[in-house]
Amino acid sequence: MAYSEKVIDHYNNPRNMGSFKKEEDGVGTGIVGAPECGDVMKLQIKVENDTIVDAKFKTFGCGSAIASSSLATEWLKGKTVDQAGQIKNTEIVQELNLPPVKIHCSVLAEDAIKAALNDYKKKADTEGETEAAATPA
Amino acid sequence: MKLPIYMDNHSTTPCDPRVVDAMLPYFTEKFGNSASRNHSFGWEAEEGVDQARKHIANLIHADAKEIVFTSGATESDNLALKGVVEMYKEKGDHIITTSTEHRAVIDAAKSLEKKGVKVTYLPVDKTGRVDPDDVRNAITDKTILISIMLANNEIGTIHPIAEIGKIAKEKGVLFHCDATQGVGKIPVDVQELGVDLMSFTAHKIYGPKGIGALYVRRKAPRVRLAPMIDGGGHEGGRRGGARSGPPPGGGGHERGMRSGTLPVPLVVGFGKAIELCAQEMPEESVRTMALRDRLQDGIMGAMEEVYLNGHPTERLPGNLNISFAYVEGEALLMGVKEIALSSGSACTSATLEPSYVLRALGVGSDLAHSSIRFGIGRFTTPEEVEYTIDRMIKAVNHLREMSPLYEMAKEGVDLKTVQWAVH
């Protein structure tokens, strides 16, 4: 099966490949997939004032999985947390011209985005609670 | 050195130019139907077929009359399994095979199961070999056929066929061997191996696609098969209104087991390919094995957590199957796309299941997804091997840098204890 040029480009020049420290302030981490299924995506966002200022990924998976997560990091940057939650796997399929057998890669990328956002929100809530508790009424 | 490099010789091989030269006259001036008995065109074609049949029989120590031409190994496997089941149904309804056979055998067996035949799929050890004692213990008084491959198409592991042949003979059960990957690459002697039926094909040994053979033993025991394709042997002579066709329902060429006009150019090419293998096997197997060993050492010596799949020594000379931990096979193929290889990853399959052969060896799904099969062949050069080593190392490193699993492993996380969301 031949890959689309966009997939090949992301594979050869992955955007925002790397990691943030999970415990860093404003960082949300999503890890989805499983090694025995042949793909695992780690997607991280860094949020400041409700805006995603940076994003990073690492992916174990086929070229389409790598491209889907690489593309997701590009799209996440500059979006608000709410806007980021609106990204749909179908948009990734369209942008990368993924064939039907590779749609699950885009689904995984959407799941990774959601997982990262949830992790961020959970952390923010906990931090908020801690702050609230620390501040005398 | 020319790119792309072909290193997928288990899938198919290019025709040897000497094979093509031998075939060419049979398309034009020697175009006759080998079953036409009453003119020189037919005789000439028949002579070409007879020669080929002799070369093929000689290589496997069989008699020329024991070679039945088919369209390829898939048809040979189907004919062996279905033909035996149909012919010997009064005797029993049980077949023994292994879980790592080629799809042609497994799917034929599954199709027979739907018709009420009982099939035992024996397990293999972690090197891919079946235990002959397991074969012995699986035999019942209803067993009519044992079907076990000579060498596996993914991992190259060679089964102890001669031992199994002895057991089959002792128990009076017919023994079929799919020798598609072995014939022409390692010595094969149907007498020593004790096989009664054997499938193989031309295109794996530098011959043309579309022609294969089934060896069918004629003596001790005389194996009989119900044909899958009817047509009274060969049509050529009789349909042309010639004199002595074989009587309906029997005889004919291919002993009535496979009808259809023989593709004479392909048969001739098959014969030539086999003749070349017979002449060159001693040197060629040493050469391909040396290249394979260099490839194996070059790759495995340069990287950590790289695992060999299959048997370390009882393996086809040109086969190398390796799992690269933390990287996915298909992504790896993409990284070395100027080299033709295959992967046990099933990222493109509907089921997302990785190689059933590697799974049967007990290789974890993660490492099965990370496997690459290299197939060294007659035309592989040392330069190509060096280039492949270099490119594989770079691609694996590139992907490991990108792999969250590699990162976690480096941080000391035991990946086996992680709760993954299996999807």
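User: Why is the pairing of A:K42 with B:E407 called a salt bridge?

Analyst: In this predicted model, the closest N and O atoms of A:K42 and B:E407 are 2.5 Å apart. The criterion asks for a side-chain nitrogen of Lys or Arg within 4 Å of a carboxyl oxygen of Asp or Glu; the pair A:K42 and B:E407 is therefore a salt bridge. By this rule, three salt bridges cross the interface of chain B and chain A. Residue pairs in polar contact between the two chains, with both residues at pLDDT 80 or more, number 13.

User: Which helices make up the side of chain B that touches chain A?

Analyst: At least two residues each come from α10 (329-335), α12 (365-369), α13 (382-402) and α14 (404-410) of chain B. The most, five residues, come from α10(B). By class, that side of chain B has 14 nonpolar, eight polar and six charged residues.

User: What is the area buried between chain B and chain A?

Analyst: About 2,600 Å² is buried, and carbon and sulfur atoms give 69% of this area. The contact involves 31 residues from chain A and 28 residues from chain B.

User: What makes A:V7, A:H10 and A:Y11 of helix α1 of chain A buried residues, and why are they placed on the same side of α1(A)?

Analyst: Buried means under 20% relative accessible area, and in α1(A), residues 5-12, the buried residues are A:V7, A:H10 and A:Y11. They lie on the same side of α1(A) because their arc around the axis is only 100°. Their cover includes α2 (63-76) and α4 (89-96) of chain A, together with α10 and α13 of chain B.

Notes
Residues are numbered from 1 along each chain as its sequence is written. Chains are lettered from A and ligands numbered from 1 in the order in which they are written. This is a predicted model: local features need pLDDT of at least 70, side-chain atom pairs count only at pLDDT 80 or more; totals for chains, interfaces and linings use all residues. Side-chain values use heavy atoms; hydrogens and water are left out. Contact means heavy atoms within 4.5 Å. Buried area is the accessible area (1.4 Å probe) that two parts lose on being put together, summed over both. A polar contact is a pair of N or O atoms within 3.5 Å; within protein, one must be able to donate a hydrogen and the other to accept it, and residues adjacent in sequence count only if both atoms are side-chain atoms. Helices (H or I, at least four residues) and strands (E, at least two) are DSSP runs, numbered from the N terminus. Ala, Val, Leu, Ile, Met, Phe, Trp, Tyr, Cys and Pro count as nonpolar, Asp, Glu, Lys and Arg as charged, and the others, Gly among them, as polar. Buried means under 20% relative accessible area, exposed over 50%, partly exposed in between (1.4 Å probe, protein chains only). The arc is that of the directions from the helix axis to the C-beta atoms.
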